[in-house]
Amino acid sequence: MTLKYKIYSIILVALLVVGCGSVMKQVGQLTANLLTSKTSDLSVVSISAGFVRNMYSADVKTFEVEYLGENWREGANLVSVSFLKRDGVGMYTIDGKVFIDGTEIPHTANGFYGKWIDKNDISPKTIRIETVSGQVAEFSITPPPLIEIVSVNGKKSGMEIDLNSDLRLKMKSPQHDKNTEFSVSLVTKVMGINSFIESGIFKYKDDITLPAEIWKNPITPVPATSGANWLKVERFDTNLKVIKGVGASQIIGASIDVVPVSIKGEVETAFTGVVKDNGINIEETIAIKNGEMKVKMNKPNAFYGRPMSSGKTFALASFTVRGTKLKQSKTDSSSSTLGGVKTTTTTTSTRTFPTLPDAFWDSYIDGLYVDLEKVLKSQYNIKLIPVENVLRAPSYQKLEAVTDENTIVEVEKSYKGTKNLIPTSFSSIVGNISSTFASDRVDAHLIRELGVDGLISVTIDLAMPWNTFTLSPVMSIQISGAPNGYKAGPTIFHQGTISGTGMPLDEAKMNAATMMDILPEVTRQKELMEALTQSFKMMEKKENELGYDAIWALK
């Protein structure tokens, strides 16, 4: 998972350590304070507000309990609002006033404002924000019906969970439908801090069996604490409300239930303490005629990583071909001494790949798109919506093309004017950092606007090696999906690179049926697409082995 996908988790970790007493927690407090600044401009703010019913016992001793200290109220409801930075990393306090149901709420810490209300009070609560600059934002929030754990693995008391076995849950929650979601969490200790860590988000059923693989795929890759623990289920509704003058807002209504459980069994961990083999990494070499293709594909764990089989309709957001190192120079020096005089000879050699008309490149990228569509159709019966629909989408206009300042690109072509969206340098990755909530990312907006399961981005770099006139291809591909719940996103279907050796130009000319076939032959387009097909098959096998399909079948 690249840096930009982890930012929301970084903010959560910063909040975990607020108000704690150990050295590590004090360091966390300092870090969170440094990430927090004041603003009176709501257009730069992401608002995340929540109304949570039935808060759990202080005996659980999570960071939230320490965060709110002696004010913690078991069984009560909590209404809160936090302010995140849309650009960069951090939180905001409001230069102004924040009201919940007409009562001014003081800032607690790190952009968090909260108010306890009676457990029987579930009437809509109004949050109003007034800044010193005169901006006003107001909205209401309501929680869903209560959720209750009836039994765990058939037991109503003395409940046990084996991390190597499936989890059977019986629950009660009125007025639910096929779209109602809930999450499952256990307490995990991270840097000495107890926190509920989600192990999955699923469609609600009164009686549901969850595969044991969920314990190996939590939102944060740290296994649950063994022995005495607590199980939390959370039913939630998400409203991505548009509020005039506000950068973005996410309104969460939630009901929770927490019961004590005993944890047995273990999830294998690496020496760092995180879940071992967290996610999927594939590195294979595929033999082709007179060469090879190297496949390097990866995917986060099943909380962030989605099986390709879970999506049917996709949008091509980016498809770019770039020619690099098409003109190269090499300087060699040699010295000789004659009669006591030293002579140095410098020779500069230049190699240039033959210049091809634009029609060749246009035909090439059109053919690549057709082949990509065939691979997706044959492998997963995936449908691609028209690229023209993507280009017209409002959020697509906000996407900024990625530039690689470290590479000289002599030729660059994009399919039907799509933007290059795959970062290839550290600076381009860092430039896309934001601590806004997952559903406020531009890619998440675009997925909702287009009504698709995910976005496909492809960049094919073609570089000429010094020793031969050919173009060696490197295909970078990323297929991303919508967030999983309201915390984690984007999700990843498939990502990685395929690289190989090109075909010498003279040989390509002999093999080409027409002049337009020269580029496909030089870059071994057929073999490249076969390697992509193989990468999907290898990933699919791993997804099935590691329970990705079983987990996502319940979403």
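1. A charge counts as sitting over a ring if NZ of Lys or CZ of Arg is within 6 Å of the ring centre and within 35 degrees of the ring normal. Here, the charged end of K555 sits over the ring of W552, 4.7 Å from its centre. K555 also lies over the face of F202, at 5.0 Å from that ring's centre.

2. A word on what you're looking at: this is a predicted model, where local features need pLDDT of at least 70, side-chain atom pairs count only at pLDDT 80 or more, and totals for chains, interfaces and linings use all residues. Residues are numbered from 1 along each chain as its sequence is written, and side-chain values use heavy atoms, with hydrogens and water left out.

3. On to ring pairs: searching the whole structure turns up 13 aromatic pairs. Rings of Phe, Tyr and Trp (its six-membered ring) pair if their centres lie within 6.5 Å; planes under 30 degrees apart are stacked, over 60 edge-to-face, and the rest tilted. One of them is F83 with Y113, edge-to-face at 5.5 Å centre to centre and 85° between the planes. F83 is in strand β3 (residues 77–85) and Y113 in strand β7 (residues 112–117), so this pair ties together parts that are 30 residues apart in sequence. Helices (H or I, at least four residues) and strands (E, at least two) are DSSP runs, numbered from the N terminus.

4. You'll find V60 in the loop between β2 (45–53) and α3 (63–68), and with 4% relative accessibility it counts as buried. Setting aside neighbours within four places in sequence, V60 is in contact (heavy atoms within 4.5 Å) with V187, N194, F196, W230 and V258. V60 and N194 are 134 residues apart in sequence, but 8.3 Å apart in space, C-alpha to C-alpha.

5. Last, a helix pair. The residues of α4 that meet α11 include Y364, L368 and L372, and on the α11 side the residues include M529, L532 and F536.

Methods: Buried < 20%, exposed > 50% of the residue type's maximum accessible area, 1.4 Å probe, protein only.
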